[in-house]
Amino acid sequence: MQFTDLLHAHVRREREEANGHRFKRSGWSLSGTGQCHRKRVLERAEATKTDIRGESLLVFAYGDAVEALARHALTAGLKGTLYWQVPVAMPKWNAAGTLDLLHHDVDGEWDLYDVKSASGKSFDFTVRDGGNANNRMQLAAYGGCLEFGDIRLPQPPEGLLRAPIKIRRGALLVIDKEYGKSVEIPVPLDEELAKVNADYELLNREWQEFQMKGTLPAEIPFQKVGSSQNKHAKAGRAKVGEMAPSGLCSPLYCQYLHHCPVIAKWWSDKTA
């Protein structure tokens, strides 16, 4: 028995099955809000991509387990109705996606939650920074869809509903997979929504540029890193003060890295 192969095959099947039930879209995915524009354009254009690694699938499976744990805790502890995996869309952005958790309390107020997992130092940085910038924008994007876009609630009243559902409070629920800590981080949705609108305005201009001229958005810029300030440094692939790609620009997380020759070369040199 090759346990690792069996494990990776299992999580791959489960993820493919879960993705098969997701809200179908023809434009942008809301889950990518605030992330690399080059990756998002390539994904929408259905460019060639590498196979997702088994190790990455396990990371996603951990996240799914954390989300399920949070959902069960809120279902047991909150009064009212808790909706999860709610399809939403924003026509003006040409974007759609599925939000994590939407709570309708007994007083008729709505609260929006997004569950995130982190490990060790990553959790500490998340708490320090008030949540990852992309995660804050993503939550605000879901809130914008609920207030100004389209909603498909999974329970009565069923079907596609027009907004508005005005959110009273939005928060990131972050759980540390390594040490078991957890935190609720409030997110100023209106403030973040302004950033989201600007992000999609630029992204849609870049998409038009790509369609007309084949021009891709720029590669993610390099940044100086410390010994434990991002995933690359934590993995021991960068020394203090070295220039490294920012964000999730890694073969573990991006299936389009081969379209970014400068960053792909950086990783190739690191793993040679």
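Reader: Is glutamate 192 buried or exposed?
Author: Glutamate 192 is buried, with a relative accessible area of 2%. Buried means under 20% relative accessible area, exposed over 50%, and partly exposed in between, using a 1.4 Å probe and protein chains only.

Reader: Before I go on, what sort of model is this?
Author: This is a predicted model: local features need pLDDT of at least 70, side-chain atom pairs count only at pLDDT 80 or more, and totals for chains, interfaces and linings use all residues. Residues are numbered from 1 along each chain as its sequence is written, and side-chain values use heavy atoms, with hydrogens and water left out.

Reader: Okay. Where does glutamate 192 sit?
Author: Glutamate 192 is in helix 6. Helices (H or I, at least four residues) and strands (E, at least two) are DSSP runs, numbered from the N terminus.

Reader: And what does glutamate 192 touch?
Author: Leaving out residues up to four places away in sequence, glutamate 192 touches Arg136, Met137, Ala140 and Val187. Contact means heavy atoms within 4.5 Å.

Reader: At what angle do helix 5 and helix 6 pack?
Author: Helix 5 (residues 133-148) and helix 6 (residues 189-213) pack at about 90 degrees, with their axes 8 Å apart. That makes helix 5 roughly perpendicular to helix 6. Axes are lines fitted to C-alpha atoms, for helices over the stretch in contact, and angles run from 0 to 180 degrees between N-to-C directions. Under 35 degrees counts as roughly parallel, over 145 as roughly antiparallel, 65 to 115 as roughly perpendicular and the rest as oblique.

Reader: Which residues make that contact?
Author: From helix 5, Arg136, Met137, Leu139, Ala140, Ala141, Gly144 and Phe148. From helix 6, Leu189, Glu192, Leu193, Lys195, Val196 and Asp199. They divide into 8 nonpolar, 1 polar and 4 charged. Here Ala, Val, Leu, Ile, Met, Phe, Trp, Tyr, Cys and Pro count as nonpolar, Asp, Glu, Lys and Arg as charged, and the others, Gly among them, as polar.

Reader: How many residues of helix 5 are buried?
Author: 12 of its 16 residues are buried, so helix 5 is largely enclosed by the rest of the structure. Among them are Asn135, Gln138, Tyr142 and Cys145. Helix 5 reaches 22 Å from its first C-alpha to its last, close to the 22 Å expected at 1.5 Å a residue. The expected span is 1.5 Å times one less than the number of residues.

Reader: What about helix 3? How far does it reach?
Author: Helix 3 (residues 54-77) has 24 residues and reaches 35 Å, close to the 34 Å expected. Its buried residues include Gly54, Leu57, Val66, Glu67 and Arg71.

Reader: Switching to strands. Which strands does strand 2 pair with?
Author: Strand 2 pairs with strand 3 (residues 95-104) in the antiparallel sense over 9 bridges. Strand 2 and strand 5 (residues 150-153) also run antiparallel, joined by 2 bridges. Two strands pair if DSSP finds at least two bridges between them.

Reader: What stands opposite valine 88?
Author: Glycine 97 in strand 3, and isoleucine 151 in strand 5.

Reader: Why is strand 2 called largely enclosed?
Author: Because 7 of the 10 residues of strand 2 (residues 81-90) are buried. Proline 87 lies in strand 2, and at 15% relative accessibility it counts as buried. Proline 87 and leucine 153 are 66 residues apart in sequence and 7.2 Å apart in space, C-alpha to C-alpha.

Reader: Which residues have a positive phi?
Author: Glutamine 85 is one, at about 50 degrees, although it is not a glycine. Glutamine 85 is in strand 2 and partly exposed, at 30% relative accessibility. Glutamate 46 is another, at about 55 degrees. Glutamate 46 is in the loop between helix 2 (37-44) and helix 3, exposed at 71%. Asparagine 94, in the hairpin of strand 2 and strand 3, takes a positive phi near 60 degrees. Most residues other than glycine have a negative phi.

Reader: Last one. How many helices and strands are there?
Author: The chain comes to 8 helices and 10 strands. Of its 272 residues, 41% count as buried.
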